[in-house]
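Me: I've got a new structure open and want a quick walk through it. Can you take my questions as they come?

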Amino acid sequence: NGDILVICEYTNHRAVLIEKTSGKVKSMIGTGKSGELDEFYDPIGNAVIKSPFYPNLILLVTENFFALDLNCVQSFDITTGQHINHFTHPKMQNPRGIAVNKTSGHIVVANYWSHISIHTGYTNDIKEFGALIKLVGDNDGIVFQNPTSVAVNSKGELIVSSSHKIDILNNDYQLIKSFGSQGNQNSQFNLPYFLCVDVLDNILVADFNNHRVQVFGKDGNWITTIGKQENDVCFNGPSGIAVNNEDGDIFVCDENNNRVISF
């Protein structure tokens, strides 16, 4: 219902649930011990889903278990913190961003080394979570340059951040638009690390090395920039970003300042 923030701390090997209004920690998933499959090693992206086959909300977290040579998505009961299961695939390579397509129920993962992978999601039995459906950007003519994040808009279109550009794909996974280049002007990026969409399908991009957030319309046209402006909040490496569609509040993980900013 938009009352809880979920933040992955990859250095502390845990996910933290924070009450939006008070800013207080509600609970934590993971003990901070790395290297165990039912714990966290390097949690990066997360998504929260609901399954008709499971009583509580489920937290999905992308993981890079370098010690175990395993790239995977882990799932946890968000109420109890208990580990449920994980899924992986040989083509899952350094997974970063993750999103849920509410139209199809599919889980979408941005794999940093090359492509986007589409997996079965919450409309399937919990034991079948994560079966590979399709790879996008794997010998199909679409080229991603180190995709870090993915979001799904109300039409089921994918919005992918990779290197210094943003790609928009339709619900048949065909590329319909790309925008952006390297730089620090409007519609330029220097590592657009994570992105999200709001209730109007506007695209919000955490422009990490430019220390700002850029906002674009659903067509990819620049609207405004937050940060690096007089009287604006000062970011130092904004990475994670999310929008509460209940009230429009925006939350940004300001990585190098070790804080979360809302506005």
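Reply: Let's start with Ala47. Leaving out residues up to four places away in sequence, Ala47 touches Ile58, Leu59, Leu60, Ile98, Ala99 and Val100. Keep in mind that this is a predicted model.

Me: Which strand does Ala47 lie in?
Reply: Strand β4, residues 46-49.

Me: Is Ala47 buried or exposed?
Reply: Buried. Its relative accessibility is 9%, and the cut-off for buried is under 20%.

Me: How far apart are the C-alpha atoms of Ala47 and Asn184?
Reply: They are separated by 29 Å. Along the chain, the two residues are 137 apart.

Me: Switching to Ala15. Where is its place?
Reply: Ala15 sits in strand β2, which covers residues 14-19. It counts as buried, at 0% relative accessibility.

Me: What is Ala15 in contact with, leaving aside neighbours within four places?
Reply: Ile7, Cys8, Ser27, Met28, Ile29, Phe40 and Leu59. Leu59 also turns up among the residues that Ala47 touches.

Me: Let's zoom out. How many helices and strands are there in the protein chain?
Reply: Zero helices and 24 strands. The radius of gyration is 17 Å, close to the 18 Å from the globule rule for 263 residues, so the chain is as compact as a globular protein of that length.

Me: What does the C-alpha trace span?
Reply: About 45 × 45 × 35 Å along its principal axes.

Me: What percentage of residues count as buried?
Reply: 50% of the 263. The accessible surface comes to about 12,200 Å². Carbon and sulfur atoms account for 46% of that surface.

Me: What about contacts between residues at least 24 apart?
Reply: Take the contacts between residues at least 6 apart in sequence. Of these, 38% join residues at least 24 apart.

Me: How many positive and negative side chains?
Reply: 18 positive and 28 negative. The centres of the two sets lie 1 Å apart.

Me: Now the inside. Which residues have the most contacts in the largest nonpolar core?
Reply: Leu204, Val213, Phe235, Ile241, Ile250 and Val252. That core has 16 residues.

Me: Which elements give two or more residues to this core?
Reply: Five strands: β18 (192-197), β19 (203-207), β20 (212-216), β22 (238-243) and β23 (250-254). The largest share, three residues, comes from β18.

Me: What does Leu204 contact, leaving aside neighbours within four places in sequence?
Reply: Phe194, Leu195, Cys196, Asp198, Gln214, Val215, Ile241, Val243 and Ile250. Ile241 and Ile250 are also on the list of core residues with the most contacts.

Me: What's in the second core?
Reply: It has 14 residues and is separate. Val136, Val150, Val152 and Tyr173 are among them.

Me: Last topic, backbone angles. What is phi of Ser187?
Reply: Near 70 degrees, a positive value in a residue other than glycine. Ser187 is in the loop between β16 (181-182) and β17 (188-189). At 24% relative accessibility, Ser187 counts as partly exposed.

Me: And Leu191, where is its place?
Reply: In the loop between β17 and β18. Leu191 has a positive phi of about 70 degrees, although it is not a glycine.

Me: Is Leu191 buried, exposed or partly exposed?
Reply: Partly exposed, with 26% relative accessibility.

Terms used: Residues are numbered from 1 along each chain as its sequence is written. This is a predicted model: local features need pLDDT of at least 70, side-chain atom pairs count only at pLDDT 80 or more; totals for chains, interfaces and linings use all residues. Side-chain values use heavy atoms; hydrogens and water are left out. Helices (H or I, at least four residues) and strands (E, at least two) are DSSP runs, numbered from the N terminus. The radius of gyration is taken over C-alpha atoms; the globule rule is 2.2 Å times the number of residues to the power 0.38. Buried means under 20% relative accessible area, exposed over 50%, partly exposed in between (1.4 Å probe, protein chains only). Contact means heavy atoms within 4.5 Å. Accessible areas come from the Shrake-Rupley method with a 1.4 Å probe; for residues, only the protein chains shown count as cover. Lys and Arg count as positive and Asp and Glu as negative; His and the chain ends are not counted. The place of a charge is taken as NZ of Lys, CZ of Arg, CG of Asp or CD of Glu. A nonpolar core is a set of buried Ala, Val, Leu, Ile, Met, Phe, Trp, Tyr and Cys residues joined through side-chain atoms within 4.5 Å.
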